[in-house]
Amino acid sequence: MTYYLDSTVAMYAASRAQRYKQAAIEVLRAVAASSIEAATSATAIEDIMYRFAGLGRPEEGVDLADQFMRVVPVVYELTSADLSRAFTLMRAEPRLSFRVAVHGAIMQAHSIQAIITVDTAFDLISACTRTDLATWQPPQ
Amino acid sequence: MSFSRRLSVLLSPDLYERTEKLASRTGRSLGELVREALERLLAEQSEQGRLAAVERLASLNLPVGTPEGLAGQVERGRMQ
């Protein structure tokens, strides 16, 4: 099974002491050691960059995104077909933000159902099975 | 170390020119530079390299708040 990692995994792993930090680090260690298969996307990298740019700290976004991309072996592109799938998801669930719909569409394009994130908005996508960092357990 | 396998790679004129300048500046051959770059890339992509990236990431100690706050900051950042 491949897990899709959104930007929250990267951001909490890089956070100051925070309740999700250790779990996020464990997820990334499992990915680095190939104990679990994982992918992310250019959209997740954009989320990191936009957040830190918005806070006036773009250089921290660059450092974080750069290291995250060294850990996660696959970074999917965003295609026009993904955008069409995102629109379909939004029509089916009007509460879905465009950003979350795009992530969901990229997951669908690559037949990924599992996502590790603290973002509960992914629960609005019925095809997504969300694992929260608070409950994630490393594989035995 | 013996070099018994040949690799032919096409480069853009710009990349070739920059690589040639670096070779000239550092007194190394183009082949040495390509071998060194490949060794670095493979080390970076190895399990050890990826685990090291996790530790670097963990040591960044960046300000990150609640999940709800994060989503809002991403959305606001996109609008700026």
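Me: Buried means under 20% relative accessible area, exposed means over 50%, and partly exposed is in between (1.4 Å probe, protein chains only). With that in hand, is A:D47 buried or exposed?

Reply: Heads up: this is a predicted model, where local features need pLDDT of at least 70, side-chain atom pairs count only at pLDDT 80 or more, and totals for chains, interfaces and linings use all residues. Residues are numbered from 1 along each chain as its sequence is written, chains are lettered from A and ligands numbered from 1 in the order written, and side-chain values use heavy atoms, leaving out hydrogens and water. A:D47 has 0% relative accessibility, so A:D47 counts as buried.

Me: Which residue meets A:D47 in a salt bridge?

Reply: A salt bridge is a side-chain nitrogen of Lys or Arg within 4 Å of a carboxyl oxygen of Asp or Glu. Helices (H or I, at least four residues) and strands (E, at least two) are DSSP runs, numbered from the N terminus. The pair crosses between chains, linking helix 3 (residues 42–54) of chain A with helix 4 (residues 67–79) of chain B. The partner, 3.0 Å away from N to O, is B:R78.

Me: How many residues apart in sequence are the parts tied together by A:D119 and A:R99?

Reply: Their side chains meet in a salt bridge at 3.4 Å, N to O. A:D119 sits in the loop between strand 4 (114–116) and strand 5 (129–131) of chain A, whereas A:R99 belongs to helix 6 (residues 98–109) of chain A. So the pair ties together parts whose separation in sequence is 20 residues.

Me: What separates A:E26 from A:R29 in helix 2 of chain A?

Reply: These two form a salt bridge, with their closest N and O atoms 3.0 Å apart. They are three residues apart in helix 2 (residues 21–32), so the separation is about one helical turn.

Me: Which helix gives the most to the nonpolar patch?

Reply: Patches are made of residues with over 30% relative accessible area and no salt bridge, with like charges joined within 9 Å and nonpolar side chains (Val, Leu, Ile, Met, Phe, Trp, Tyr) within 5 Å. This surface patch, B:L7, B:V9, B:L11, B:L15, B:Y16, B:V34, B:L38, B:L41 and B:L42, has about 810 Å² of accessible area together (Shrake-Rupley method, 1.4 Å probe; for residues, only the protein chains shown count as cover). With four residues, the top giver is helix 2 of chain B.
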